[in-house]
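Dear colleague,

I am passing on the structure below, and after it you will find what came out of going through it. Please keep it open beside you while you read.

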Amino acid sequence: MHVQGLFEESADTVEGSHQHERAEQRRRKGEMAPAELWGAAPLSLHLGDETLGLTGKLDSLVHEDGCWIPVEGKHSASPSADTVFQTDGFQLSGAAWPNDQIQLCAQGLLLRSNGYASHYGYLYYRKNKAKIRIDFTDELVNATLYFIQKAQQLEQAEMPKPLIESNKCFRCSLNYVCLPDETNYLTGVATPIRRIVPSRSDGGVVYVAEAGTKLGVHGESLIVTSKEGVRFDPLPIKDLVHVCLMGSVQPSTQLMHVLFHAGVTVSYLSTHGRLVGIASPLTTKNVHLRKQQFMKFQHPDVALRLARFVIHAKIANQRTLLRRNGVPATAVLKELMALRKKSEQAASLDTLRGYEGAAGRLFMSSFSGMLKWNETESGLAIMNGRNRRPPKDPVNALLSFGYSLLTRDVVSACAAVGFDPMFGFFHMMEPGRPALALDLMEPYRPLIVDSVVIRVLNTKEIGIEDFYWGPDSCQLKKNGRLAFLNAYERRMHEEFVHPIFGYKISYRRALDMEARMLARHLEGDLPEYRPLTTR
Ligand code: SF4
């Protein structure tokens with residue numbers, strides 16, 4: 001968490017933050033917090049010491065007999081048995097958890113090094129209302145100095161391996177970053193894959209597509225006000241993962257601050273759905289990963305190996321989509337199978353691009369075979385191969401819009417992990433082109449966007465009346481756009497059984513997991529990166 005700057009909230013961390021926030025509010029009002037009922041002064045004291053290699057914030061202090069006594073409140077309960085803890089060769093009191101004693105002692109050391117006498121402190125465990133005095137004994141001071149040094153060494157060390165079948169993982173706020181059982185399984189450690197990671201994120205995506213709409217913030221909620229001044233129901237920001245602004249929509253600076261603070265990304269799309277930009281919070285400092293990314297993606301063998309897997313998965317998923325939607329052209333399926341096999345052996349990126357292009361043309365030539373709405377019924381060509389900038393028929397208008405949304409989601413997933421989305425291993429790098437996001441999304445185009453396009457047209461959620469149809473371009477009208485956004489989000493929320501891990505997971509979660517898996521591979525924790533294929 002501290003070395004790589006990766007953080008995920010859990011129920012425990014949210015509760016902890018709220019308790020800190022409540023204590024801070026009481027402090028500002030000059031009220032006494034629970035820990036202060038026995039004399040601690042409410043404060044927010046930042047101390048640092050270069051020799052110790054430590055900085056810290058002290059929340060509460062008691063001044064007794066000329067000594068300064070740090071007081072630290074904990075959300076949990078104290079240990080039940082008062083035995084001795086053995087940790088890395090040190091013997092610590094069993095009255096409080098060793099990590100809490102070391103944290104408190106580190107505060108004492110900071111006080112001492114800044115000229116304040118400090119010989120003991122108090123831990124207050126809220127769950128069982130236990131107030132425990134911790135003496136800063138030589139043993140505890142030595143343990144604290146040892147762990148400060150060990151923490152500094154960790155910064156240069158490799159990522160520790162995940163624990164094996166540990167029950168701690170269920171409540172660990174980092175389980176979604178760490179993916180303990182998945183990593184162990186993929187590295188060959190014989191372990192069952194437990195349902196630790198939630199199948200989907202509860203966070204929602206807000207789309208604002210009406211020109212002139214204003215977005216602001218009130219308390220911890222997003223406020224949307226229409227051009228006519230109508231104010232909609234507040235949306236709690238804690239329930240959001242992303243805000244998507246289409247066209248001339250105006251968010252306030254205050255809102256942007258609050259969204260970034262909450263880890264919410266914001267994307268800007270043109271009125272017609274072209275991705276213009278993405279703003280994301282500085283939640284990661286994962287420099288180590290970016291170093292690995294720049295180093296390894298430049299290596300031709302690494303880039304080719306990754307690209308082969310990605311294109312292999314994309315062709316496999318295209319083939320599956322055709323099969324599932326009853327395309328009878330067995331010749332096409334056979335040819336796709338042949339290209340899929342060839343892609344595994346491609347001798348260069350250019351050869352691989354050739355296979356990918358050939359597979360793409362075959363797939364697109366069979367695309368209209370998956371649609372129930374055809375030319376004869378409407379009198380108009382619903383699709384003329386793949387065309388874009390601008391799209392010239394309804395299918396291409398939907399595909400282009402959908403790929404923009406998917407690019408946005410993959411850029412956000414890359415940014416959350418700490419990748420530079422612009423530096424990829426397969427797509428050519430051009431200014432303004434998120435090459436890595438385009439690489440990673442290849443297998444997901446058929447799984448998400450192509451599948452949504454087929455669904456909305458075949459179920460008539462979107463019909464011919466939902467398009468502006470000109471001689472040179474075809475664009476979605478407002479209702480069609482809203483229907484497509486709904487269908488896209490439904491698909492991202494939809495769960496499927498993960499073919500390797502065997503548990504249910506949403507497509508959005510799978511996409512995020514994909515970026516994390518690639519990161520774990522680049523950092524040497526996973527032997528291989530194999531993108532998702534469905535059967
Ligand atoms: S191994 Fe388990 S406890 Fe350790 S970081 Fe990973 S999920 Fe958390």
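In helix α2 of this predicted model, the buried residues are Pro98, Asp100, Gln101, Ile102, Leu104, Cys105, Ala106, Gln107, Gly108, Leu109, Leu110 and Leu111. The helix is thus mostly covered, with 12 of its 16 residues buried.

Just after α2 comes Gly115, which takes a positive phi of about 95°.

Two packed helices are described by the angle between their axes and the distance between the axes. For α2 (residues 98-113) and α3 (residues 138-154), the axes come within 9 Å and cross at roughly 95°. Since angles of 65 to 115 degrees count as roughly perpendicular, α2 and α3 are therefore roughly perpendicular to each other. On the α2 side, the contact is made by Gln101, Ile102, Cys105, Ala106, Leu109 and Arg112, while α3 brings Leu140, Val141, Thr144, Leu145 and Phe147. By class, the residues of this contact between α2 and α3 divide into 8 nonpolar, 2 polar and 1 charged.

Finally, which residues lie around the ligand? They are Pro162, Leu163, Cys169, Cys172, Asn175, Cys178 and Pro180, and this shell around the ligand has 6 nonpolar residues, 1 polar residue and no charged residues.

With best wishes

Technical notes: Residues numbered from 1 in each chain as written. Predicted model: local features only at pLDDT ≥ 70, side-chain atom pairs only at ≥ 80, totals over all residues. Heavy atoms only, no water. Near = heavy atom within 4 Å. Nonpolar A, V, L, I, M, F, W, Y, C, P; charged D, E, K, R; others polar. Axes fitted to C-alpha atoms, helices over the stretch in contact; angles between N-to-C directions. Helix = DSSP H or I, 4+ residues; strand = E, 2+ residues; numbered from the N terminus. Parallel < 35°, antiparallel > 145°, perpendicular 65-115°, else oblique. Contact = heavy atoms within 4.5 Å. Buried < 20%, exposed > 50% of the residue type's maximum accessible area, 1.4 Å probe, protein only.
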